[in-house]
Amino acid sequence: MTTYDADGITLEKVRDYVWEIPQEGGMNRPARVLASEDLLDEISDDKTLQQLKNATHLPGVRKYAVCMPDGHQGYGFPVGGVAGIDTENGCISPGAVGYDINCLPGGTEVRLSFGRRTELRNLEGRFEEEQAMVADGDDLVPSDIRLFTQSEEKPVYEVETATGHRIEATGDHPFRTPEGMTELDDLSTGDEVRVQPFEGIDHEEPSEFTVLTKEDFEDENPQLVRVLEDRDVLPLSSTDDEFNHLLKILGFFLGDGSYGGPGQVWFYAEPEDLKAVRSDVREVGFKPSKIYERDRSHEVNGNEFERTEYSFKTTSKAFRRLLVALGAPEGPKVESGYSSPEFLDRLTDWQRALFYSAYFGAEMNEPSAQHDKNLYCPKVSQTRTVGTAEDGFQFYDDMREFLGSLGIETNEIERFETDSNSKHDTVRLRLGVKNDSKNLLRFFSQVGYRYNQKKRRRSVKAIQYLRTKEREIERREEIASEAQTLADGGSEPGDIKAEYDINGRFVERSIWGGRDGRPRPGKAFPGFEEYCEQVEVGDDLAIPDEVVAIDPAGRKEVYDIGVSHEAHNFVANGFVVSNCGVRMMKTNLTYDDVQGREEELVDALFANVPSGLGGGGVHEGTADDVEAILDRGMEWALENGYAVPEDLEHCEDEGVRPDSDPSRVSQKAKDRGKNQIGSLGSGNHFLEVQRVTDVYRDDVAAEFGLSEDQIVVLIHCGSRGLGHQVCTDYLREIEQTHAGLLQQLPDKELAAAPAGSQLAEDYYGAMCAAINFAWVNRQLIMHQVRQVFEKVFDRSHTEMEMDLLYDVAHNIAKKETHEVEDGEERELFVHRKGATRAFPAGRPELPPAYSDVGQPIIIPGSMGAGSYVLRGGEQSLSETFGSTAHGAGRLMSRTQAKQEFWGGDVQDDLREQDHVYVKAQSGATVAEEAPGVYKDVDEVVRVSDALGIGDRVARTFPVCNIKG
Amino acid sequence: MSFDLREHTADVAVEATGESLGEVFGAVADGMAAAMCDEIPAEGGERFETTVAAENREALLFDYLDELIYERDVRGVLPVDNEAAVGEAEGEWRVDCSARGIPLDSVDARDLKAVTYSEMDLSETDDGWHAYVVFDV
């Protein structure tokens with residue numbers, strides 16, 4: 001393999017121009033550099049490669065982080081870097097209230113995979129092996145924990161809900177509410193939050209023993225044994241993850257599974273439940289079939305009815321033998337004499353709960369009202385032949401013992417004689433969980449039902465109902481006892497009655513002692529069925545609850561924790577700086593029309609396009625203008641006479657970012673933007689009149705309306721001070737809010753807000769608003785250029801066909817859908833930091849004008865080297881999340897450039913040798929931007945073309961250039 | 001107090017020293033002005049004052065410089081001859097500062113976009129304080 005060594009970082013050559021830094025250490029994915037060896041020499045000269053590696057530490061980065069051929073060192077992320085970061089909501093759900101976790105005290109209960117829970121502080125030192133449960137509104141899924149840090153003491157508050165769930169958290173901990181994520185500081189009593197009432201069982205380490213070995217399969221074909229060994233289920237240990245999945249499958253199978261034809265194992269349930277069983281089958285390395293659907297007619301007591309039955313099967317003989325060996329014997333269950341698996345009593349409570357809850361999911365009836373406000377005993381029952389009844393009895397007796405060890409009481413096992421079937425005499429056995437409220441609460445919140453979503457949702461409602469009922473009973477108990485005390489002290493019954501919001505009879509009975517046992521919840525209290533109709537449980541098993549108290553709970557050490565739900569998602573801030581980009585405007589003029597008038601043109605442009613520091617803007621803006629621009633982008637320009645409709649049709653996103661939220665842009669940023677609407681700024685930003693010197697693809701150039709010798713105008717700038725202020729504001733806010741997460745990253749400038757967090761949402765809204773501002777900024781400059789040309793050439797701009805070719809940003813993070821590992825389609829925040837979107841024909845985001853040909857890409861070069869127009873390449877989607885380079889990277893520092901060049905000389909040389917007319921506010925800027933300080937843009941474009949990520953269409957060369 | 005402009009590939013860095021925190025802050029700010037303008041007039045412009053607070057020293061330096069960039073854009077002046085007094089009370093750091101604001105249209109100045117945390121240093125030395133700040137140009 002060809003490798004390239006760059007000062008401690010080794011790159012492996014994948015193929016021509018493609019180099020990979022393999023995943024290692026804290027990298028979440030590999031990194032790739034797209035470059036020739038010459039460019040690689042330049043790229044490896046500064047910290048670019050290290051920064052690229054650092055970027056892969058960001059949680060949620062998919063596939064690989066990519067460095068474009070023009071990459072160079074930036075802040076945090078390298079300039080020329082592209083990363084696709086998963087947008088899906090990732091967060092962790094602590095036992096009671098909450099959603100995303102950050103800043104929670106060590107005593108907070110956290111839900112872990114396999115129905116376990118633990119205190120947050122117990123995760124220290126072993127979080128990497130653990131999976132926390134993540135609720136994303138759609139589902140509840142286990143995810144790896146990626147970040148775990150302890151921070152200094154912070155003030156914490158206790159939040160209590162109407163059903164008695166309590167959680168302590170810092171003021172900035174986000175809670176899920178109907179309005180989205182809301183920080184604790186913004187919550188008040190009476191607000192609705194979503195809670196997760198299921199608690200699970202305390203985590204404990206299982207003691208290690210061998211469950212199955214090769215000897216258990218002595219009579220089997222050696223090939224079958226090899227299949228099991230290959231899947232790591234042989235030998236099978238009590239501490240294997242696979243074993244935990246098998247416990248669930250086994251429990252469910254004993255309920256609603258059966259063996260079919262040779263090698264087949266069938267599972268029956270509702271489609272959504274079967275999905276979860278299938279996933280467990282996959283976890284142990286076997287392939288489930290698709291879900292089958294068939295209509296069956298049944299006859300019960302002479303009534304015939306139709307129902308649809310859903311099922312899936314596995315056809316691996318090895319899998320079937322595995323289940324048999326674990327204790328699910330073949331032959332009809334009724335006479336097979338199965339009992340509890342013999343290893344069961346050696347397992348931890350949470351492991352036994354996996355087995356039993358899966359069985360309950362299949363077999364136990366769901367929570368329902370026995371009588372208005374009381375719930376039935378949830379029961380399981382089974383039919384056995386008389387000869388095997390003892391085995392069945394033993395099975396239930398073990399179940400009683402298990403539940404008893406968790407403090408859950410059961411009734412005696414009942415035994416009924418039944419109508420015997422044709423072959424055997426049978427008996428029916430039944431076991432129920434006692435139905436007093438506290439007992440049912442323990443059962444539903446610790447064990448409950450597994451796989452069966454309907455029963456799970458129902459049991460969540462039951463938990464909340466019983467908790468509410470308990471609180472009401474406690475309230476009434478208190479009143480009863482106080483009333484009695486008052487009566488004993490000589491108060492009149494009439495006065496006591498007036499004291500409480502409760503009916504008089506209740507007070508009387510409390511005083512006269514006419515009540516046996518605890519009070520009942522009262523008439524107005526809803527029945528269970530009525531309650532169930534009032535509340536909704538999400539698929540993630542969260543349910544609305546009401547905040548009843550928020551109290552300070554002192555200062556405590558808190559933990560920051562982050563999870564990767566498929567990929568925890570981050571919007572990285574430091575990446576996306578000024579939303580700068582380029583646009584190119586065409587004309588029907590040729591170089592002949594301009595030659596001899598360059599001086600006049602450059603002077604007129606310089607006089608009319610504000611540039612440099614403090615030069616104002618094309619539009620004297622008001623605060624309202626800034627709001628409107630942030631909100632509506634180019635539509636504002638159109639409404640105010642600065643654009644024609646065709647301009648919007650040729651702009652990325654048609655010039656309006658719909659996700660913009662101006663209210664998330666600070667007043668400071670708006671203040672800075674107000675007097676910079678339509679201004680170039682300085683540094684590397686510029687405006688250039690250019691001529692087309694080369695056309696490489698005639699057909700594409702024709703579609704774009706480009707031909708040799710044609711005059712075009714290129715504008716390169718961004719959102720100015722406003723965009724920078726947005727970036728600085730959020731960088732500082734992320735630093736303060738997510739300090740713990742930040743410490744885990746190798747570079748502070750990689751500041752990232754966890755997606756799903758309020759801050760990430762705010763930042764995305766603000767950034768989209770700044771992008772709108774950037775488009776308007778470039779549009780107003782283009783408008784100014786049209787007017788200058790009209791004056792200089794004495795023709796209308798429509799006559800000169802001064803049409804926008806395209807406007808494309810190269811400093812931007814956008815939500816886009818791309819194919820990631822294993823061909824999966826994911827929504828990503830694609831971060832392009834000094835990289836240009838390069839979508840080929842067919843991507844739905846493209847404007848109709850380019851949907852069949854691919855988008856134009858404009859790559860500005862330095863003053864002496866000219867620029868390029870490319871077309872989005874077919875390979876960009878698979879290689880670079882649809883991106884290519886954005887220009888020529890710097891070679892030389894600004895200070896060095898000023899020492900080597902003098903602005904006046906550079907200007908003279910360019911005019912005399914290259915016929916390029918340059919005018920700038922500052923001679924220093926000209927020196928700093930001299931042609932010699934940039935990398936060779938030709939080589940950058942050659943690599944882009946060879947890789948097929950951006951196809952070379954045309955090359956342009958400057959005629960006039962103005963800058964700050 | 002003194003400052004130097006240091007080389008940085010794409011941008012510009014300021015290295016400064018001062019006997020006190022206030023002095024080193026002022027020196028970095030003067031360095032920032034020098035990075036924007038080669039010839040700063042000795043006179044002209046009016047002094048303005050402002051106050052910035054933050055959670056620690058580095059953050060305060062960052063916010064202080066960011067505030068000066070903001071004042072520059074909003075007031076349309078180049079902040080020079082910077083003076084700063086830095087103090088801490090109850091965990092909050094605060095700088096009371098002033099600068100002479102030279103109107104931008106009377107100087108030949110270039111934009112400097114933002115302060116960065118990149119390679120930032122603010123440390124105590126035998127002689128006082130040392131600071132290094134990179135600016136995004």
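## Cysteines

Over all chains the count of disulfides is 0, a disulfide being a pair of cysteine sulfur atoms within 2.5 Å. Cys651(A) is in no disulfide, and the nearest cysteine sulfur, that of Cys717(A), lies 12 Å away. Cys651(A) is buried at a relative accessible area of 1% (buried means under 20% relative accessible area, exposed over 50%, partly exposed in between, with a 1.4 Å probe and protein chains only). Cys960(A) is in no disulfide either; its nearest cysteine sulfur is that of Cys717(A), 18 Å away. Cys960(A) is buried, with 1% relative accessibility.

## Basis of the model

This is a predicted model, in which local features need pLDDT of at least 70 and side-chain atom pairs count only at pLDDT 80 or more, while totals for chains, interfaces and linings use all residues. Residues are numbered from 1 along each chain as its sequence is written, chains are lettered from A and ligands numbered from 1 in the order in which they are written, and side-chain values use heavy atoms, without hydrogens and water.

## The sheet

In chain A, 8 strands form an open sheet with mixed pairing, in the order S1-S2-S3-S4-S5-S6-S36-S35. Strands are DSSP runs of E of at least two residues, helices runs of H or I of at least four, numbered from the N terminus; two strands pair if DSSP finds at least two bridges between them. Strands S1 (3–6) and S35 (811–819) of chain A are at the edges, each with a single partner strand, so one side of each has no neighbour in the sheet.

S35(A) runs antiparallel to S36(A) (residues 825–833), joined by 9 bridges. Ala813(A) stands opposite His831(A) of S36(A).

## Helices on the sheet

Helix H24(A) (residues 758–793) lies across S35 and S36 of chain A, at about 115° to S35(A). Angles run from 0 to 180 degrees between N-to-C directions, with axes as lines fitted to C-alpha atoms, for helices over the stretch in contact; contact means heavy atoms within 4.5 Å.
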